[in-house]
Amino acid sequence: RGGKWGSVVPLAVFLLFTLSLVIANAPKEEGMIIGAMIGLSLGMLFVTNVAAYSERIFTLMANRTATVAVVCWLWAGAFAGILGASGLVEATVWAGWKMGLTGKWFVIVVFFMAALFAVSVGTGLGTVVGFTPIMYPAGIILGGDPAVLMGAIFSGATLGDNLAPISDTTIVSATTQETDIGGVVRSRLKYVIVAAFLASLCFLAFGDGAGDSAPESAEKLLSQYANPAGLPMLIPAGLVFVVAICGYHFLAALTAGIVSSLILGPIIGVFSIADVFSITADGSVSGSAVKGAMGLVPVAVLTLLLVTAIGLMAEGGFLSAMMDWLDRKFSRTRRGVEGSIVALTSFSNLCVSVNTVAMITVGPLINELRKRHDIHPHRSANLMDAISCSFPSLLPYSASIPAAAAIHRRLNAQDQYSDIVPVLTWAQEVPYIFYGMTLFIVMIGAVVTGWGRKTG
């Protein structure tokens, strides 16, 4: 019922429900799951055979692309949980502190350390939550501008989310385009390097604040949180990156990282096997690997529901109609096709506050579009991922922004920080999230000039 437009109902309801969550300042995956369930349920009003529709939902949910992403997330979540509990944040703080840098130089070191940590663990939000309580007050005391300092943390987290082989955005961009993660990361590196270089120049230009150069309070703060013990845990993180880049299956790369972590961590004493996985007296299980893997279950469930909603749009003929319209209006050249990919990705990210969910929503559309016009899957995956990790990091309803604000308020409530740590607003921070800006400019330039364009 309703022709091709009737097939849009499940996804449209989901997007409207998600928008209401954003307005209510509650853009959580759990709420989005309910929105997707409501959308699929209301879709029954627009079919003539409810039983066939219900059975089709089960068939579409078995989509291989979604299943691959879900499996990778479970392995990546477990690995990120292990590294996150190994003291890697404190180790990266120690490395920066020992360089003896202050002011704008400390700000740029924070940018690169946050990027290194995010590449290691594959989570931008986790990097913001881990770095802000330590680096934000320390950087202010060491003479960094507060707003620029937060911009460096956000930017480093976004860079890692954009580049890490174990990042959810990397996994989704590759799997929805039916290509290999290692090849996607290799081909993406050139864009990341240029955007990071431009962002670094901006941080150097704006990073100095009004603080002292190296007060005793900063030394005390850093000595309290800086600990080099976890530094060797960069080895498993680097191993995953190298194995994936070398073209091995991503699941094998993650397994190599997990196994090497479980060997190295107890040897150097940063955690025990019981810290990774243990059975409690009441019969439940706990540990860093358990928390890491289970933390990604909501987004995995949401992925299956959204893939189903998009599959119903394909069944109803809406996707074919949209592809035909794009072909007629914009896709006369490869540049036009890539512009359509950028537009679809941008629109989806504006509607959905979680960039991974936005990519899941439009990924199958983009895959169909690039196949029609012989665009290489590495190219479409890079455009989709880079756009999703660019301006969306500046949006006020991006998950990292309210998380950082909550940490600011908590720090400001403490006596030792109340006079030096301001609670920043989104308007104060957003002009300095330089990596999100420079990456968007770089990718638009790549579309216009054809830099990095491949066919196939």
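Author: Before we start, one term: buried means under 20% relative accessible area, exposed over 50% and partly exposed in between, with a 1.4 Å probe and protein chains only. This is a predicted model, where local features need pLDDT of at least 70, side-chain atom pairs count only at pLDDT 80 or more, and totals for chains, interfaces and linings use all residues. Residues are numbered from 1 along each chain as its sequence is written, and side-chain values use heavy atoms, with hydrogens and water left out.

Reader: OK, so is glutamate 338 buried or exposed?

Author: Glutamate 338 is buried, because its relative accessibility is 0%.

Reader: And which residue forms a salt bridge with glutamate 338, with the closest N and O atoms 2.9 Å apart?

Author: Arginine 379 does. A salt bridge here is a side-chain nitrogen of Lys or Arg within 4 Å of a carboxyl oxygen of Asp or Glu. Glutamate 338 lies in helix H19 (residues 334–351) and arginine 379 in helix H21 (residues 377–388), so the pair ties together parts 41 residues apart in sequence. Helices are DSSP runs of H or I, at least four residues, and strands are runs of E, at least two, numbered from the N terminus.

Reader: What about arginine 453?

Author: The side chain of arginine 453 also meets glutamate 338 in a salt bridge, at 2.9 Å from N to O. Arginine 453 sits in the segment after helix H24 (434–449), so this pair links parts 115 residues apart in sequence.
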